[in-house]
Amino acid sequence: MSEPTIIAIPFRSEHPLTEQLVHQLQDDGCGTIWLFNNGEPGDWPNCPDDVRVIEARHLQLYEIWNEAIRMVNGLMAGPANVCILNNDLTIKPGFVHNLAETLRNYDFAAVSPALDAAGHVNDAS
């Protein structure tokens, strides 16, 4: 799979959750992570320098999703995967890769992980 995957994560405070997810994603080899700050300007989680933080204080959640897609479309010359995640997820290794692979192998427009009864993310395979 050659399409890049850009991960967009809206957040409003709850920095420990966001930081944990960012570290899980980076440990899993996910390179491009954008955080959309829907809280106070400059109130950012402690994340590595290569994680981009975008101020989105006055945007509704659906507007943040749309903005992430617009930004990806404006930056990429070809197809790209846009992965929009809640900041309170705990993921397993391969999670984003499996979502992207499912998206491309079945020619879907969108995919979403399955959650169990307790709200935990199941394997994306």
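Student: What volume does the largest pocket have?
Tutor: This is a predicted model, in which local features need pLDDT of at least 70, side-chain atom pairs count only at pLDDT 80 or more, and totals for chains, interfaces and linings use all residues. Residues are numbered from 1 along each chain as its sequence is written, and side-chain values use heavy atoms, with hydrogens and water left out. A pocket is an open set of points on a 1 Å grid over the protein atoms alone, where a 1.4 Å probe fits, with protein on both sides within 12 Å along at least five of seven lines. With volume taken as the space filled by probe spheres set on the points, joined across faces, edges and corners, the largest pocket has about 640 Å³.

Student: Which element gives the largest share of the lining of the largest pocket?
Tutor: Lining residues have an atom within 4 Å of a point; there are 23 here, and Val82, Cys83, Ile84, Ala110 and Val111 lie nearest the centre. Two elements give two or more residues to this lining, strand 4 (81-84) and helix 3 (95-105), where helices (H or I, at least four residues) and strands (E, at least two) are DSSP runs numbered from the N terminus. The largest share, 5 residues, comes from helix 3.

Student: Which residues lie closest to the centre of the second largest pocket?
Tutor: The second largest pocket holds about 150 Å³ of space, and the largest share of its lining, 3 residues, comes from helix 3. Of the 12 lining residues, the closest to the centre are Thr5, Gly29, Cys30, Val96 and His97.

Student: How far apart are the closest N and O atoms of Glu40 and Arg57?
Tutor: A salt bridge is a side-chain nitrogen of Lys or Arg within 4 Å of a carboxyl oxygen of Asp or Glu. Glu40 is in the loop between strand 2 (32-37) and strand 3 (52-55), and Arg57 is in the loop between strand 3 and helix 2 (61-75), 17 residues apart. Glu40 and Arg57 form a salt bridge, with the closest N and O atoms at 3.3 Å.

Student: Is Arg70 buried or exposed?
Tutor: Arg70 forms a salt bridge with Glu67, and both lie in helix 2, 3 residues apart. Buried means under 20% relative accessible area, exposed over 50%, and partly exposed in between (1.4 Å probe, protein chains only). Glu67, at 26%, is partly exposed. Because the relative accessible area of Arg70 is 52%, Arg70 counts as exposed.
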